[in-house]
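Have the structure open and follow along.

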Amino acid sequence: MRYKRPRGTQDILPDQVSEWRLAEETFRRIANDFGYSEIRTPIFEETDLFVRSVGAETDIVAKEMYTFSDRGGRSLTLRPEGTAPVVRAFLENNLQGTDPGRVVKLFYIAPVFRYDRPQAGRYRQHHQAGIEALGSASPALDAEVMHLAWLFYSALGLEQVDLLLNSVGCTVCRPVYVERLRAYLAGHARALCDDCRRRYEANPLRILDCKNPACRQVTADAPMMLDVLCDDCARHFAEVRKVLETIGITYQVDPRIVRGLDYYTKTAFEFVGKGLGAQDALGGGGRYDGLVEACGGPPTPGVGLGIGLERVLLARQALGLSVGAPARRGVFVIGLGEAAAQWAIAFLARLRAAGVRADLDYRFRSLRAQMRHADAMGFRYAAIAGDEELSRGEVTVRDLETATQESLPTEGAIEYLSSMSRREHCGGNAHG
RNA sequence: GUGGGCGUAGCUCAACGGGAUAGAGCACUGGACUGUGGCUCCAGGGGUUGGGGGUUCGAGUCCCCUCGCCCACCCCA
């Protein structure tokens, strides 16, 4: 094989596309229902946008970005996450207008690139469906974001999804906490794993997230961010919990979840699925009240969410869920013999011009072979003509579902088939 | 980035401890049914055994390199 797709990428083949469309269309519908509008941003941005927003010390920026310089010498980066580009577009296009209190709610479905070592559920190009709500600090909005994800998973048949909730504080209380955590850990440095000893300086919060049993033991009695939140953050967290309970969303407080992007403040959450192995995060997000300002805009609170579509589809697969075959639809045209082949081409063109789903077999094989093909391709009708029908100006119309057929004059057949086709569009139970 | 497992028709898998022409099911094509799909039966086409090198009289099988996938770590979606 001469060429192969780049490592960690995937071809989405025709037989998988209906699953993708189901996920995308479900997300679009729900996001729209929640008052979010779709936005599409470039697939690459100035490298600095991600460095400044995501954080230079994060794994994403430090070792996972696809960064390149273009012919003009600009440093550009393939989007490694969805939020920063949306915030950039929000500012650049002044989507907030002249009302500083306006809440701007946006959603996107876009490919995301990270140079990770691939494994199941982890790719170098994956797709995220995300939302961003900018302009409001209301805890009810945090809950709305989680509610949207909740309904999305449930609409796709994923009922066993756990919501893990935490607060990572703000610029007031987090630095205080980090120092307290360092002070605590200082006495246990020898018990920590190598990675965590490195994290001690760079990002001690990460140590809480370490799965190493020794580190777990050390941090079991460590002070927790949740216990040290400032009044504002504590009030916010309590309020988010209250709204979630009002809405009826079950969640678990997990003081250890720390997101991999530096811009998060206050609320941080993750949705975790079952049967997915180590890569079990189906989505995550949180509040980022300092991000807009860090990107050069006015102080503007925000909260958002990203959902990994590959993992959602993997989770559906693990449950044995799949989009059913669509209802039979359209007409397969079969001309037998040379004269009839010409007739078939013309008949096909007229059906298509009338908006009917229709095709024919350009190999003009045996009737049997063509019937089998029509059946396999999911056509509802076969329109068959040989010399016999042509001499009478008629066509045999067979309904593949009821296995009945009748002879119709050519004109009447087109009218009949296009009216049946219109009915299929309104009354059909097909989707995807 | 670290450690480990696995790569055989389009797909899912066989092939004693190296031995002859690498098999089967599904799918595909044709036929039984000379102009009628799904079921059944019969027949057929299809492989540089991921790629490259080595050991051997002989390699799908053993060794080395490489690429890819998978699992765990890591990280996260």
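## The pocket by helix α1

Helix α1 gives the most to the lining of the second largest pocket, supplying five residues. Keep in mind that this is a predicted model. Besides α1, helix α13 (309–318) also gives two or more residues to that lining.

In total, 16 residues line the second largest pocket, and those nearest its centre are Gln16, Glu19, Trp20, Leu313 and Gln317. The space inside comes to about 340 Å³. Sort the lining by class and you get seven nonpolar, five polar and four charged residues.

## The sheet

Now for the strands. Eight of them make up an open sheet with mixed pairing, in the order β1-β5-β6-β11-β10-β9-β7-β8. At the edges sit β1 (37–38) and β8 (252–253), each pairing on one side only.

Take one pair from the sheet: β10 (residues 281–287) and β11 (residues 302–308) run antiparallel and are joined by five bridges. As a reminder, strands of a sheet pair through backbone hydrogen bonds, either parallel or antiparallel.

## Helices on the sheet

Helix α1 turns up again here: spanning residues 14–33, α1 packs on the sheet and touches β1, β5 (104–113), β6 (125–134) and β11. The direction of α1 makes about 160° with that of β5.

Helix α11 (residues 231–247) packs on the sheet too, touching β7 (162–167), β8, β9 (265–272) and β10. Its direction makes about 160° with that of β7.

Methods. Residues are numbered from 1 along each chain as its sequence is written. Chains are lettered from A and ligands numbered from 1 in the order in which they are written. This is a predicted model: local features need pLDDT of at least 70, side-chain atom pairs count only at pLDDT 80 or more; totals for chains, interfaces and linings use all residues. Side-chain values use heavy atoms; hydrogens and water are left out. Two strands pair if DSSP finds at least two bridges between them. Helices (H or I, at least four residues) and strands (E, at least two) are DSSP runs, numbered from the N terminus. Contact means heavy atoms within 4.5 Å. Axes are lines fitted to C-alpha atoms, for helices over the stretch in contact, and angles run from 0 to 180 degrees between N-to-C directions. On a 1 Å grid over the protein atoms alone, a cavity is a set of points where a 1.4 Å probe fits but cannot get out, and a pocket is an open set with protein on both sides within 12 Å along at least five of seven lines; lining residues have an atom within 4 Å of a point. Grid points are joined across faces, edges and corners, and a volume is the space filled by probe spheres set on the points. Ala, Val, Leu, Ile, Met, Phe, Trp, Tyr, Cys and Pro count as nonpolar, Asp, Glu, Lys and Arg as charged, and the others, Gly among them, as polar.
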